[in-house]
Structures are given as structure tokens and as C-alpha cells.
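The sequence and the model are shown first.

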Amino acid sequence: MRLHYDWNDGWEYSRAEEGAPWVGVRLPHTNVELPYNDFSEKLYQFESRYRKAFTPDPSLRGKRGWLTFEGAMARARVFLNGEPLAEHRGGYT
């Protein structure tokens, strides 16, 4: 039987800059709100970081799991406990 967990709550967001603060967010999340017209592309071209701490249920030990991200923009690097798992490049796919 497949179990589904909603992981949208409990994330932290930070711009990838030295000393940038981490703030609590819920996904989906926008890292910058832009006006409908007359804005510079430099306003949204920066790297962001998201992180989430979790403790898996002991009943899941030894079982496979999948994480599905339904809206990572441009580039996403996924790490688990500091170890790289996967990388995605492209638009919202």
C-alpha cells in the first residue's frame, strides 16, 4: 500500500547569501513578488535555499521512498543529511 505525506508545511527559506536569515514558509512559496510590468530581470535572478528537518516513522525503516517536487524553478539540487541526491535543470517541470 502506498502512503502519501503532505510535506508542504514546516519548510524554512533563505536567500543563498552569507548571513541571510531563515524564515518559516509553507509550500508552494514565492521567493519574490514582482510587479506585473516594468521590472528588472535582476530582481528574480538569485539563488534560494529551502530546508526541512524530519524524522521518519520507524515503521518505514528498510522501505523505499520518493520525494516529488511539483514546481522547482530553473535549477534544483536536493540533499539529504548534507549528501547530494539529485539535480534538476530547466523550468517548471
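Phenylalanine 39 counts as partly exposed, because its relative accessibility is 34%, a value that lies between the limits of 20% for buried and 50% for exposed residues. The structure is a predicted model. Within this model, phenylalanine 39 is placed in the loop that lies between β2 (23-25) and β3 (48-51).

Phenylalanine 39 also contributes to a nonpolar surface patch, together with Leu34, Leu43 and Tyr44. The area of this patch is about 330 Å².

## Aromatic pairs

How many aromatic pairs does a search of the whole structure find? The search finds three. One of them is formed by tyrosine 13 and tyrosine 50, with a tilted arrangement in which the centres are 5.0 Å apart and the planes make an angle of 50°. This pair links distant parts of the chain, since tyrosine 13 belongs to strand β1 (residues 11-15) and tyrosine 50 to strand β3, 37 residues apart. Tyrosine 13 counts as buried because its relative accessibility is 8%, under the 20% limit. Tyrosine 50, at 34% relative accessibility, counts as partly exposed.

Phenylalanine 39 and tyrosine 44 form another aromatic pair, which is edge-to-face, with 6.3 Å from centre to centre and 65° between the planes. Tyrosine 44 is partly exposed, its relative accessible area being 36%. Both residues of this pair are members of the nonpolar surface patch.

## Charges over rings

Two arginine residues are described here in relation to aromatic rings. The charged end of arginine 15 sits over the ring of phenylalanine 46, at 3.5 Å from the ring centre. Arginine 51 lies over the face of tryptophan 22, and the distance to the ring centre is 3.8 Å.

## The β4 and β5 hairpin

Strand β4 (residues 74-80) and β5 run antiparallel and are joined by seven bridges. Within this pairing, alanine 76 stands opposite histidine 88, which belongs to β5. The hairpin formed by β4 and β5 has two residues between the strands, and asparagine 81 takes a positive phi near 50° there.

Why does strand β5 (residues 83-90) lie largely in the open? The strand has eight residues, and the number of them that are buried is zero, so β5 lies largely in the open. In this reasoning, a residue would count as buried if its relative accessible area were under 20%.

Terms used. Residues are numbered from 1 along each chain as its sequence is written. This is a predicted model: local features need pLDDT of at least 70, side-chain atom pairs count only at pLDDT 80 or more; totals for chains, interfaces and linings use all residues. Side-chain values use heavy atoms; hydrogens and water are left out. Patches are made of residues with over 30% relative accessible area and no salt bridge: like charges are joined within 9 Å, nonpolar side chains (Val, Leu, Ile, Met, Phe, Trp, Tyr) within 5 Å. Accessible areas come from the Shrake-Rupley method with a 1.4 Å probe; for residues, only the protein chains shown count as cover. A salt bridge is a side-chain nitrogen of Lys or Arg within 4 Å of a carboxyl oxygen of Asp or Glu. Helices (H or I, at least four residues) and strands (E, at least two) are DSSP runs, numbered from the N terminus. Buried means under 20% relative accessible area, exposed over 50%, partly exposed in between (1.4 Å probe, protein chains only). Two strands pair if DSSP finds at least two bridges between them. Rings of Phe, Tyr and Trp (its six-membered ring) pair if their centres lie within 6.5 Å; planes under 30 degrees apart count as stacked, over 60 as edge-to-face and the rest as tilted. A charge sits over a ring if NZ of Lys or CZ of Arg is within 6 Å of the ring centre and within 35 degrees of the ring normal.
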